[in-house]
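The entries follow the order in which I looked.

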Amino acid sequence: SAAGKGTYPHYMLKEVDEQPAVMRRLLTEYVDDAGQMKIDPAILKAIDDADRIYIVAAGTSYHAGLIGQSLFEKLAEKPVEVHVASEFGYHMPILSKKPFFIFLTQSGETADSRQVLVQTNRLGYPSLTITNSQGSTLSREANYTLLLHAGPEIAVASTKAYTAQIAVELFLAVALGRHTAIKAAQDFDVNHELALVATGMETLLSEKQAIEDFTTMYLKTTRNAFYIGRGEDYALSLEAALKLKEISYIQAEGFAAGELKHGTIALIEDGTPVMAFLTDAKTIDHTRGNLQEVRARGAKTLTIVSEDHAQAGDQVVLPNVNPLLAPLLGIIPGQLIAYYASLQRGYDVDQPRNLAKSVTVE
Ligand code: G6P
């Protein structure tokens, strides 16, 4: 059944491997053969009427929101703020005149996110929930719902829901941008670009051995680890570090590459793993410079780089895709590093200590 483990040793590995199929399923759900988005025009109108999108979420969904922000800004030219639900609910910033709320939640049941929705409903603001769970609380209580169609996600560490959230944000951003005649959205060939992503994911998933080897060498016994990047690569670093924390219990931090030198670089010692995402053309050279700085202090580095920008010595090469969608590929090695680190350290991959799949208390 869809919820079984099949021949897989762990749900997490199964769910990681399902991601290309989820991307293709989402194309059939949301995009027609002519490349038009199948999204309720009422949603587009409601967002178009708003002057700002507020994305509210927790954990991995929050990180998917950070990627969504650049999709909405670049493809629909819409201002976006992304907020951690537990912070936003009690320390609400001064809102724009006409806010539109997007709740990202795999389960649709996260209490931190729900308490924000209760408030925005009371204030009369329109909202959309993007969730994997039809009929969930946040779906029922928001004005609109878009489903992730990722199939049941059983492992506590979220993987396919993250990439599905980014894909659904893409569909919405493209639809919204076309609704308002933004050229970047009109020119974006969703069927083609996301099909390339699915194929690229398959390539990366067929090269697990290299990731496992790096993990054995540098993460099996380390106390701490860093992911660094800039822009979307920074958002990706946050998610990759969260995966590592959740299931391998390594103290991992996702860090803005340029900010390292302003304090955190003091933590680098002989053997500290520092892994860098290099997909943002504007900043790759600067981040490479930061890698040199940490290597000079003993760090063991891993580069995860888009094919176009790869150099001799780079370790993980991401097949070329539209740069806006690079995070969909970049996170795959991040998920696999966490998986192998957890396995090698002898932990329960699918049921990590102290964590629950869905947290229904604030
Ligand atoms: C829990 C899970 C995380 C998840 C977060 C938000 O803490 O352990 O993996 O990212 O909740 O969950 P949601 O269902 O709202 O996406």
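**Entry 1: helix H12 and what follows**

I began with helix H12, residues 232-248, whose 17 residues reach 24 Å from the first C-alpha to the last, close to the 24 Å expected at 1.5 Å a residue. I note here that the model is a predicted one. When I looked up the burial of H12, I found the helix mostly covered, with 15 of its 17 residues buried.

Tyr 249 is not a glycine, yet its phi is positive at about 60°. I then checked its surroundings: Tyr 249 has 15 C-beta neighbours inside 10 Å and so counts as partly exposed, since a residue is called buried at 20 or more such neighbours and exposed at 12 or fewer.

**Entry 2: another positive phi**

I also looked up Asn 354, a residue other than glycine whose phi is positive, near 70°. Asn 354 lies in the segment after H14. Is Asn 354 buried or exposed? I counted it as exposed, because it has 7 C-beta neighbours inside 10 Å.

I went on to strand S6, residues 224-229, which is mostly covered, five of its six residues being buried. S6 and strand S7, residues 251-256, run parallel and are joined by six bridges. As one point to find on screen, I wrote down that Ile 228 has Phe 255 in S7 as its bridge partner.

I then turned to Met 275, which lies in strand S8, residues 273-278. I recorded Met 275 as buried, because 30 other C-beta atoms lie within 10 Å, where the cut-off for that word is 20 or more. Which residues does Met 275 touch, leaving out those up to four places away in sequence? I found Tyr 227, Leu 302 and Ile 304. For Leu 302 I also noted the separation: Met 275 and Leu 302 are 27 residues apart in sequence, while their C-alpha atoms are 4.5 Å apart in space.

**Entry 3: strand S3 and its partners**

I looked next at strand S3, residues 99-105, in which six of the seven residues are buried, so that S3 is largely enclosed by the rest of the structure. Which way does strand S1, residues 52-57, run against S3, parallel or antiparallel? I found the two parallel and joined by five bridges, and I noted Pro 99 in S3 as the bridge partner of Arg 52. S3 is also joined by five bridges to strand S4, residues 127-131, and these two run parallel. Here I noted Ile 102, which stands opposite Leu 128 in S4.

**Entry 4: Ile 47**

I looked up Ile 47 in helix H3, residues 41-49, and recorded it as buried because 24 other C-beta atoms lie within 10 Å. Setting aside residues up to four places away in sequence, I found that Ile 47 touches Ile 53, Phe 100 and Leu 176. I also noted that Ile 47 and Ala 76, 29 residues apart along the chain, have their C-alpha atoms separated by 11 Å.

**Entry 5: helix H10**

I checked the length of helix H10, residues 190-205: at 1.5 Å a residue its 16 residues should span 22 Å, and the end C-alpha atoms are 22 Å apart, which agrees. I then listed its buried residues, which are Val 190, Leu 194, Val 197, Ala 198, Gly 200, Met 201 and Leu 204. Why do I place these on the same side of H10? They cover an arc of only 165° around the axis, which puts them there. I found these buried residues packing against helix H2 (19-30), helix H8 (160-179), strand S10 (316-318) and helix H14 (326-344).

Note on methods:
Residues numbered from 1 in each chain as written. Predicted model: local features only at pLDDT ≥ 70, side-chain atom pairs only at ≥ 80, totals over all residues. Helix = DSSP H or I, 4+ residues; strand = E, 2+ residues; numbered from the N terminus. Expected span 1.5 Å × (residues − 1). Arc of directions from axis to C-beta. Contact = placed C-beta atoms within 7 Å. Pairing = 2+ DSSP bridges.
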